[in-house]
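Hi,

Here is the model I promised to pass on. Have a look, and my notes follow below.

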Amino acid sequence: MKKENLPATLPWIAIVAIIAALPLITSSSYVIGTMCFIAIYGALAVGMGLLLEMAGIFSLAHPTFFGLGSYSGAVLAVKGIAPPWAGTIVGTLFVTALSYVIGAPLLRLRGFYLACATFGLLVIVEIALGQLGTITGGHEGLVGIPPLSIAGFVFEKDVHYYYLSWAFCFGQLWFLSNVMGGRVGRAIRSFRDSELASKSMGVNIPRCKLQIFMLTAALASVGGSIYCFYLRFTQPGIFGFPLLVDLVTMIIIGGGTTIYGPLIGSFVITWLRELIHGYLGNILPRMTAEVDAIFFGVLIIVILIFMPGGITGWIDQFAAWVKKKIAGSRQVTA
Amino acid sequence: MADETILEVTGLSKHFGGIKALNEVSLTLEKGSIVSMIGPNGAGKTTFVNAITGVHCPDEGSAHFEGRDVAGLPPHSIAALGIGRTFQLEELFSSMTVLENAMVGCHTRSHKGMFATGFSLPRARREEQTIMEEALENLGLVGLREKALSPIKKLPLGERKLVGIARALGMKPKLLMLDEPAGGLAAHEIDELVHLIYDLAGKKITIFVIEHNMPFVMGLSQRIIVLNEGYKIAEGPPDEIKANNQVIKAYLGEEVS
């Protein structure tokens, strides 16, 4: 069994090695910073994609959990109540508890209705964060957030956050793929296929849904905390509708049928956006945001029509096609 | 031995709006026996299985499984008590392999949660190994061990039905309810199915079969229950049922005079 797994892990070892070596090759804070955001958004999109595509839970609450994780850590640190690392833990516990309170009643809803309810949550939280000016800094945002420090080590430079966010991202991928490959993950995939058979085999579906919902909410919260300690700034608008659209775009383009698909989506979209902005900044300085929106809108439609499985789905298809060709040519030669 | 009751159903009723799908159905199943339920389309056979396994909550009546009333319990609790089932329309997990399907069947008898599996702790890996071995054993029992790694979609109908049985066996059921296991099978496949069912009965699993295929039911069952329009109209050994006028009427209709 171990030996069979080796070829499958080889690409991953290569990817981790490349990510680890990147700061040695380039010291550009632009590249390192962008890669940092790719890891943070990628991790968030991975959690949300898992809910949407693997568990069939159409929840749009992920930007909210990300934002609340970010704000809890930041507020506690700014007010001097708890150091950033403790704030991260408190924030995660708070978001996990909140996801239980929200998930227990809302996860009974299906599909579109669940999407509506969780979207409502997103709007409410964004407004509440803006209005609670004395605590959250209001619409202008919260400034003066101290950097993260763990056991005397202060995360000051971009490269520190680069390693932190990628370690979190890969750690989460490893954890989630273990979960999905194991007993609970099988149960989750089973009720996506047939709820009737799943519950008749003894799967407690409401409990499983709540568990995976809370787990991904907690991970989103940790990501949010890393995000705010890296930016040293946070604002309600960051966690609203635009982030939701970005995440959905990452999931669609990367492909949600694999756990790591949305991370690839995050990589592709973030760099594409940087490219567009780089070009358009010179030609159409005032229209950048609009052209950006139109471009990604068209891209989503094209992807949905021509590669509905996203990039990872397309890679799978391509690999199967190559295999078939090889097998075919072997038959001909034999 | 033969007198030991495993399931005792009394006055079980289920209504869907104005339609009375089940009307005060009562029956008992002895441990280790093979009992069939027949009846024309729409007689309420699948509704009966659904009511026992918790998919539908019965409106009236009780179902005592090993002395405990299971009527109205959620399906996953009933499954954990040891009532396994298969489905008329297969209801397999189509995105998974044959082995994974059989492994989901072992869900109630394994316990490791998300954190143990997420961190890939040794105890979670050991449990996973045990589940896999049991699932393979169950697939071996139905003769599909070599196909363990193929995706469900690639199997022909007959084999998919067998996967459903292997999956239910993962629960180590004391009572196994098979909903039209022979539907759509070829003659030689039906013969194999009969052998399999005898094997399972030999393992002290009580078998309850819903079926349309008369030769199959008559050859297999020790006792037959006939359902028509939600009422139990007859019960007895195969020979008696064959000669029962009410049963014949239910199937063929009355002579027009």
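In chain B, 67% of the contacts with a separation of 6 or more are between residues 24 or more positions apart; two residues are in contact if their C-beta atoms, placed from the backbone, lie within 7 Å. Keep in mind that this is a predicted model: local features need pLDDT of at least 70, side-chain atom pairs count only at pLDDT 80 or more, and totals for chains, interfaces and linings use all residues. Residues are numbered from 1 along each chain as its sequence is written, while chains are lettered from A and ligands numbered from 1 in the order in which they are written.

Staying with chain B, 43% of its 257 residues are buried (20 or more other C-beta atoms within 10 Å of the residue's own; exposed means 12 or fewer, partly exposed in between, with C-beta atoms placed from the backbone). A compact globule of 257 residues would have a radius of gyration near 18 Å, and chain B agrees with that at 19 Å (taken over C-alpha atoms; the globule rule is 2.2 Å times the number of residues to the power 0.38). Along the principal axes, the C-alpha atoms of chain B fill a box of roughly 75 × 40 × 40 Å.

Chain B has 10 helices and 10 strands, which are DSSP runs numbered from the N terminus (helices H or I, at least four residues; strands E, at least two). One thing to look at is an open sheet of 6 strands with mixed pairing, in the order S6-S7-S8-S3-S9-S10 (chain B); two strands pair if DSSP finds at least two bridges between them. Its edge strands, each pairing on one side only, are S6 (83-85) and S10 (231-236) of chain B. From one strand to the next the twist averages 20 degrees (axes are lines fitted to C-alpha atoms, for helices over the stretch in contact, and angles run from 0 to 180 degrees between N-to-C directions). S3 (residues 34-38) and S9 (residues 223-228) of chain B pair in the parallel sense over 4 bridges, and Ser36(B) has Ile224(B) in S9(B) as its bridge partner. Helix H1 (residues 45-53) of chain B packs on the sheet, touching S3, S6, S7, S8 and S9 of chain B, with its direction at about 150 degrees to that of S7(B). Helix H10 (residues 245-252) of chain B also packs on the sheet, where it touches S9 and S10 of chain B.

Now chain A. The 21 residues of helix H5 (residues 111-131) should span 30 Å at 1.5 Å a residue, and its end C-alpha atoms agree at 31 Å apart (the expected span is 1.5 Å times one less than the number of residues). H5(A) has Thr118(A), Leu122(A), Val125(A), Glu126(A) and Leu129(A) as its buried residues. Seen down the axis of H5(A), these fall within an arc of 100 degrees, so they line one face of the helix (the arc is that of the directions from the helix axis to the C-beta atoms). The face turned away from the buried side of H5(A) carries exposed residues, including Phe112(A), Tyr113(A) and Ile124(A).

Gln172(A), in helix H7 (residues 158-181) of chain A, counts as buried because it has 24 C-beta neighbours inside 10 Å. Leaving aside neighbours within four places in sequence, Gln172(A) is in contact with Ala43(A), Val46(A) and Leu219(A).

Cheers
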